Amino acid sequence: MTRASLDKQPHEVASMFDGVAANYDLTNDVLSLGQARLWRKEVAKAVGARPGHTVLDLAAGTATSSLPFAATGAYVVPCDFSLGMLMEGKKKHDWLPLTAGDATKLPFKDGSFDTVTISFGLRNVQDTDAALRELYRVTKPGGQVVICEFSQPTWAPFRTVYIEYLMRALPPVARAVSSNPDAYVYLAESIREWPDQPALAALLQKAGWSKVAWRNLSGGIVALHRGTKD
């Protein structure tokens with residue numbers, strides 16, 4: 001089994017996610033203590049998909065995250081660069097147009113989507129700035145980006161407890177439920193190193209997004225960032 005390093009070489013990250021694809025959704029539910037489903041609901045509200053809308057769901061994995069968008073009647077394209085994840089998703093949701101793609105070089109024309117969204121995937125991209133520029137490129141003028149990503153708890157005492165959970169408790173739990181527990185050691189390390197809420201907002205603005213704002217979920221364990229393309 002592969003564990004990616006924090007320099008996030010694309011082939012390492014893709015191979016790591018290939019290795020956890022089979023039990024990925026179950027593992028996420030267990031490790032997040034059921035919060036992952038609540039976070040997905042908040043993303044769906046923020047995206048506000050509706051009939052006639054086009055939605056790019058980047059880092060869609062097995063396409064579980066795409067289902068709420070599709071249920072509204074919107075046209076959703078689940079996209080991921082892990083072929084293992086996509087193949088697992090195809091078994092479950094063969095009616096969705098699952099697409100292989102790299103966040104830094106997306107296989108779509110300029111201005112293709114009303115909304116682009118990425119949940120818990122931006123952190124795994126080697127070049128965050130390039131990915132945010134690509135998301136901007138494929139969004140229609142007036143369209144929006146919705147990013148759901150692990151962040152920094154806002155209450156300092158809780159933040160300390162949370163980091164302890166990530167580094168000490170998460171790996172043993174992962175060993176019990178995941179086919180590749182080392183991948184979740186990477187997960188913990190990558191969360192600890194990820195920019196906080198204001199820093200990610202600044203990166204969005206640098207990439208050209210306007211009206212950038214964020215909302216904390218679960219006390220800042222996760223943050224929902226939004227931006228608009230003028």
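A salt bridge here is a side-chain nitrogen of Lys or Arg within 4 Å of a carboxyl oxygen of Asp or Glu. The model is predicted: local features need pLDDT of at least 70, side-chain atom pairs count only at pLDDT 80 or more, and totals for chains, interfaces and linings use all residues. Residues are numbered from 1 along each chain as its sequence is written, and side-chain values use heavy atoms, with hydrogens and water left out.

**Exercise 1. Trace the salt-bridge network that links Glu42, Lys45 and Arg215.**

Step 1. Side chains of opposite charge can pair when their charged atoms come close.

Step 2. Lys45 and Glu42 form a salt bridge at 3.4 Å, N to O. Both sit in helix 3 (residues 35-47), three residues apart, about one turn of the helix. Helices are DSSP runs of H or I with at least four residues, strands are E runs of at least two, and both are numbered from the N terminus.

Step 3. Check the geometry. An α-helix has 3.6 residues a turn, so residues three or four places apart point the same way.

Step 4. Classify exposure. Buried means under 20% relative accessible area, exposed over 50%, and partly exposed in between (1.4 Å probe, protein chains only). Lys45 is exposed at 60%. Arg215 is partly exposed at 39%.

The whole structure holds eight salt bridges.

**Exercise 2. Describe the salt bridge between Lys140 and Asp114.**

Step 1. Get the distance. The closest N and O atoms are 3.6 Å apart.

Step 2. Lys140 lies in strand 5 and Asp114 in strand 4 (residues 113-119), so the pair ties together parts that are 26 residues apart in sequence.

Step 3. Classify each end. Lys140 is partly exposed, with 28% relative accessibility. Asp114 is buried at 17%.

**Exercise 3. Find the buried residues of helix 9 (residues 197-206) and what covers them.**

Step 1. List the residues. Gln197, Leu200, Ala201 and Leu204 are buried.

Step 2. Look down the axis. The buried residues of helix 9 fall within an arc of 105°, so they line one face of the helix. The arc is taken over the directions from the helix axis to the C-beta atoms.

Step 3. Find the cover. It includes helix 6 (128-137), strand 5 (139-150), strand 6 (210-217) and strand 7 (222-228). Contact means heavy atoms within 4.5 Å.

Step 4. Inspect the ends. At the start of helix 9, a side-chain oxygen of Asp196 comes within 3.1 Å of the backbone nitrogen of Ala199. Just after helix 9, Gly208 has a positive phi of about 110°.

**Exercise 4. Repeat the analysis for the buried residues of helix 6.**

Step 1. List the residues. They are Thr128, Ala130, Ala131, Leu132, Glu134 and Leu135.

Step 2. Find the cover. It includes strand 1 (54-58), strand 4, strand 5 and helix 9.

Step 3. Inspect the N-terminal end. Asp127 caps it, with a side-chain oxygen 3.3 Å from the backbone nitrogen of Asp129.

Conventions
A polar contact is a pair of N or O atoms within 3.5 Å; within protein, one must be able to donate a hydrogen and the other to accept it, and residues adjacent in sequence count only if both atoms are side-chain atoms.
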